Amino acid sequence: MCRIGAIKSTEYIHPSWALRLMRSQQKGHDNSGFAMVMQDLGGVFEGYKKYPILSMACTEQGMKIAEDMLYSIGFSRIGQWNPEIRPAAGLNIEPMPMYVFQLFHYPKHLRSASDREKEDLLMDTRIKLRRELEKTGDGFVYSFWPDTMTLKEIGDPTDIGTYFNLWEESKDFTAKVITAQCRQNTNYDIVRYAAHPFFLQGYTALANGENTFYEKNKHFQQGLNRGYIGFESDSQCFLYTLHYIHRELGWPLEYYKHTATPLPFDEIEKRADRDVLLRIRSSLAHLEINGPNTIIGVLPDGTMFTLCDSKKLRPVVVGRTDTMVAISSEVNGINEILPNRDWKQDIYPHERETVVINNDLEVLRWQQ
Amino acid sequence: MATMRVNAIARDDLQWRIVYKHDRCTMCGRCLASCPFGSITAGVEKRRKVISDHLTPQPKVLFQSVPVIRQVINHQDACRGCGICEKVCPNEAIAPMLNPHGRLAIKYRSATADGYKRGGRSNLNPTGSTLDKIVIGRISQMTDPSLDAQRHTFDMLSPLGRVLPPQGLGLELKDGKLITSRPMPPMNWMYPIIIGDMSIGALSTRMWEALAIATAYLNEEVGLPVRMCTGEGGVPGPLLRSRFVRYMILQIASGHFGWNRIVNNMAHMQDDPAGVLIKIGQGAKPGDGGMLQAKKVARHIQEIRGVPKADLLSPPNHQGLYSIEESVQKMFLSLNAAFKFRVPVAIKVAASVTSVSVYNNLLRDPYNIVGGFFIDGISGGTGAAQDISLDHTGHPIVSKLRDCYLAAVHQGKQGQIPLWAGGGMGQAGNLAADAFKMICLGANGIFTGKLMLQIAGCVGQDNGKCNACNTGLCPVGICTQNPVLVKRLDIDKVAENVVNYFIATDQELKKLMAPIGNSTLPVGRSDALITTDRAIADKLNIPYAC
Ligand code: SF4
Ligand code: SF4
């Protein structure tokens, strides 16, 4: 099983919070990996929120391939941050030679382009890079997006934390939104790309569960957007559906739940918006998710949410203080980082609910 | 020495031979009265008996004339093996027996210079169908827990109607909510198993009525929204004008039989039908068209169909529809318009190597007007047709359904024209299993006809037993208009059996959805299936297991 967690905070926090949140659930995963996405960055990146950051793990050769490609497209590097690698004997980790977190300036001709154009360029560049690096196995590109950093590693989460010196809090490396997963993919080979969270154009999704409609989701998504690639994990489908509903179709977030786990027909029949719901159900039948899962997602504007499958077959809990909301597969994760919270305010979302945390840290409970 | 007439038909040529036990027979005459084909007759035989009525043997030869039941030996009245005589005989004195040496069809052709006709369906798969070689192999375990068929709820409806792609939906945002901003093609949701199109006329009125009653009961009492397709022979006016019409899919086929009645009733209809199905072709005996002999065109059939008493042969093609484009313009548009664009209009074609082209073409139709694609495979059909068409024309349905689905996937248009497939569904007796497997292969739903007849008490089977649907003399009153035979059918019992079968099927469908952990229909979930047949795995693109 994997365990997932997410933290949204009004203050910048260090990833050690996410590590602690996840490590406390150690009995629930197999220690074969740790991955996280940090958004709304503080520390060294705080002053550069508009500029895309490349998150990549690679060999030296891979670094060179990437640099050549980025420069040929017109990107120019304006900064970088390197994790303080602390190799030690006996660490259970399969590290890559290099970890790259580099900040870029957009190509000159695009500096006054629309956001949409820039966003598409970033996605296309990431895909191109990924394809190129895949040919020789010289690297993995996780994200190329402003104000976003991604780290994925195979090994024991505690050791991974030690290796990257993530246990030691530092003001250089912080964010207000951190999503994280322990345990790599159950269904397929343990590959770096298969680790959650998945990220695309500002959208992040991670899941604890099994997508039994994976094949039909995938068949449908492959044709929807050139960015919907990979599919190393059945959970990637959850991200693409989120991206498709919210960004491509421009529908409000509440329709993600209506698409992924539609209401039963007899309940739809009783609703005033039945026509809309039935159309969505017919048109997007292949994006439905059936099977046990809990999904945590983050929208480009920083809104965080969580929802469950229609049978509530996977656990999730949301706990909060005045400055922080944490979502976790198991409550002991939240107990670990927020021991003094009012636990009576904890929310165990049910199967027809979307719990949304907005940027004012309000926790909203939307009923489907 | 008697002349031996080798070319005359003999007992040994018949497909069924009557085994008659003279010593058990009490000459009650029930078999004679019940054999609809006149295949047996009463006769007298001269018997030689040796008796002795002394204490010591004193044999005496006695000649007696005894009444007997005899088989009629000619090609018109040949025994069909229906077994009715056996059923009614109180003394187990008579029964038909399959004659492995039978050659009736050859004799028939050489005697009449005409094709041999029969009912039933093709005998293509005597060794088991493709679907029987597929099993549901992906069983949920710890990571993806299976559901509990009894405890969990399942949501099983399929669409009939053109499904628009999401960008094409007439939706717009208002105050953060989606609202419908313009009309969209009509869409009806129904149970994924439809009672297939069998016309009133081909079926006895009582049989058709029993199916209609079962359909209404399933909807109104059981809560299963099963729809029934009328077949092309028209619909009784009172049904058209009743609210029950909402459970019916009205069919128009190449003969257009019964459509004037439907059109005349439109103004008085209080509800819309569930759909309109344009039948281009049917899966069993494609190219032969329906074949309703004058003797089945009873007075009430004449009225419903609006025809005189004559042989009614549905032409195998729609005169005037020679291209998909033309079909779209003429037929679909006019039928949509007829019901003011409120009723989905679908098309039914015979499975064929070309069905994928037709489906592709319809998917690209810019009018979004075709609301369903029904493909009909070789193994279905009530069938009154030429033997040669039944046995040697048609196309298996499973791979064709799969081809159509994958063609849609290739274009990213899966689901836009719902796929419904039939032809041998429930052939092995289990409709739920067949439906489930077809849905996993990409069908939105299936339709079934032949099985309904079996449930109603059809005595025929694939080995040529009965198969007399073409004669108008169906021994159990299912496909005949003969007033005496029709009375053999107990309408209420048939309706009850059909309802019960559907209730059982619904439970069984859930029993198949539960282990794969799905609470909604697994359309296209071919990863749930496996087959131990390499060729089937390759052709259908499903996992191979051994
Ligand atoms: S089996 Fe049927 S057809 Fe043959 S004699 Fe008996 S009743 Fe007649
Ligand atoms: S039904 Fe049986 S007992 Fe009666 S006449 Fe026929 S064979 Fe004889």
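This is a short tour of a predicted model, with stops at one residue, at the contact of two chains and at a ligand.

**Stop one: Arg3(A)**

Select Arg3(A), which lies in strand E1 of chain A, residues 3-13. Is Arg3(A) buried or exposed? Arg3(A) has a relative accessible area of 14%, and because buried means under 20%, Arg3(A) counts as buried.

**Stop two: where chain A touches chain B**

Next, show both chains. Their contact takes 37 residues from chain A and 46 residues from chain B. About 3,400 Å² is buried between chain A and chain B, and carbon and sulfur atoms give 58% of that area. On chain A, pick out Phe265(A), Arg279(A) and Lys311(A): they supply 20% of the area that chain A buries against chain B, more than any other three residues.

The interface of chain A and chain B has three salt bridges. To view one of them, select Arg281(A) and Asp155(B), whose side chains meet at 2.5 Å, N to O. Then colour helix H5 (214-221), helix H7 (254-260) and helix H9 (274-283) of chain A, the elements that give two or more residues to the side touching chain B. H9(A) gives the most, with eight residues.

**Stop three: ligand 2**

Finally, select ligand 2. Among the residues that surround ligand 2 are Cys25(B), Cys28(B), Cys31(B) and Cys89(B). By class, this shell has eight nonpolar, three polar and one charged residues.

Definitions and conventions: Residues numbered from 1 in each chain as written. Chains lettered and ligands numbered in written order. Predicted model: local features only at pLDDT ≥ 70, side-chain atom pairs only at ≥ 80, totals over all residues. Heavy atoms only, no water. Helix = DSSP H or I, 4+ residues; strand = E, 2+ residues; numbered from the N terminus. Buried < 20%, exposed > 50% of the residue type's maximum accessible area, 1.4 Å probe, protein only. Near = heavy atom within 4 Å. Nonpolar A, V, L, I, M, F, W, Y, C, P; charged D, E, K, R; others polar. Contact = heavy atoms within 4.5 Å. Buried area = accessible area lost by both parts, 1.4 Å probe. Salt bridge = Lys/Arg side-chain N within 4 Å of Asp/Glu carboxyl O.
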